[in-house]
Amino acid sequence: MLVFWFQVLTAKRMTLTETYTAEESPSVAMHLVRLLVEYCRQQGLQPEALFAEQGLRMPEDADARVSFDAFAQLCARAARCLDDPAFGLNMGLQARPGHLGVHGFTLMSCANGHQQLERSLRYSGLVNAGFGN
């Protein structure tokens, strides 16, 4: 399930066509940003450089959120730097429950795929406000 989500995220060209207020803007929890940072470092890519190219600083606050668009651009840039057309798949393979916060541990407690899908839909907003329910 995680692998699929990351593949979809990096395969699509993420553009926001709607106007959002700061409170409504789709965002990604720091758990996923941490996964991106860890994966880039594992691959020998300095995430600080990716953030700087996007005009962003490396977030330090564990409760912070990053705009969905900025996260998608960071993932797309990392995929190009690594020359990895399966970046989303490869990063997703490195994901652990902690990369999804409470949502990840909730998914681990599911008895089957159907229950995982139901809970994923219910709690997805905890990880990614862009996929809020």
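Me: Where is Pro 59 found?

Reply: Pro 59 is in the loop between H3 and strand S2 (65-67). Helices (H or I, at least four residues) and strands (E, at least two) are DSSP runs, numbered from the N terminus. This is a predicted model: local features need pLDDT of at least 70, side-chain atom pairs count only at pLDDT 80 or more, and totals for chains, interfaces and linings use all residues. Residues are numbered from 1 along each chain as its sequence is written, and side-chain values use heavy atoms, with hydrogens and water left out.

Me: Why does Pro 59 count as partly exposed?

Reply: Buried means under 20% relative accessible area, exposed over 50%, and partly exposed in between (1.4 Å probe, protein chains only). Pro 59 has 30% relative accessibility, so it counts as partly exposed.

Me: What makes a contact, and which residues is Pro 59 in contact with, leaving aside its neighbours within four places in sequence?

Reply: Contact means heavy atoms within 4.5 Å. Leaving aside neighbours within four places in sequence, Pro 59 is in contact with Met 30, Val 33, Phe 51 and Val 66. Pro 59 and Val 33 are 26 residues apart in sequence, and 8.7 Å apart in space, C-alpha to C-alpha.

Me: Gln 54 next. Where does Gln 54 lie, and why does it count as partly exposed?

Reply: Gln 54 lies in the loop between H3 and S2. Its relative accessibility is 27%, so Gln 54 counts as partly exposed. Beyond four places in sequence, Gln 54 touches Gln 73, Leu 74 and Arg 77. From Gln 54 to Ala 70 there are 16 residues in sequence and 7.6 Å in space, C-alpha to C-alpha.

Me: Why are H2 and H4 called roughly parallel?

Reply: Axes are lines fitted to C-alpha atoms, for helices over the stretch in contact, and angles run from 0 to 180 degrees between N-to-C directions. Angles under 35 degrees count as roughly parallel, over 145 as roughly antiparallel, 65 to 115 as roughly perpendicular and the rest as oblique. The axes of helix H2 (residues 30-42) and helix H4 (residues 68-82) cross at roughly 15 degrees and come within 11 Å. H2 and H4 are therefore roughly parallel.

Me: What is the hand of the crossing where H2 passes H4?

Reply: H2 passes H4 in a left-handed crossing. A crossing is left-handed if the near helix is turned anticlockwise from the far one by less than a right angle, and right-handed if clockwise.

Me: Which residues meet between H2 and H4?

Reply: H2 brings Leu 32, Val 33, Leu 36, Tyr 39 and Cys 40. H4 brings Phe 71, Leu 74, Cys 75, Ala 78 and Leu 82. The residues of this contact divide into ten nonpolar, no polar and no charged. Ala, Val, Leu, Ile, Met, Phe, Trp, Tyr, Cys and Pro count as nonpolar, Asp, Glu, Lys and Arg as charged, and the others, Gly among them, as polar.

Me: What makes a nonpolar core, and how many residues has the largest?

Reply: A nonpolar core is a set of buried Ala, Val, Leu, Ile, Met, Phe, Trp, Tyr and Cys residues joined through side-chain atoms within 4.5 Å. The largest has 25 residues. Val 33, Leu 36, Phe 71, Ala 78, Phe 87 and Met 91 have the most contacts inside it. H2, helix H3 (47-53), H4 and helix H5 (87-93) each give two or more residues to this core. H2 gives the largest share, eight residues.

Me: Why is Cys 110 called buried, but Gln 115 partly exposed?

Reply: Cys 110 has a relative accessible area of 15%, so it is buried. Gln 115 has 23%, so it is partly exposed. Cys 110 is in the loop between helix H6 (101-108) and H7, whereas Gln 115 is in helix H7 (residues 113-123).

Me: Why is Asp 83 called exposed?

Reply: Its relative accessible area is 68%, so Asp 83 is exposed. Asp 83 lies in the loop between H4 and H5. Asp 83 also has a positive phi of about 50 degrees, although it is not a glycine.
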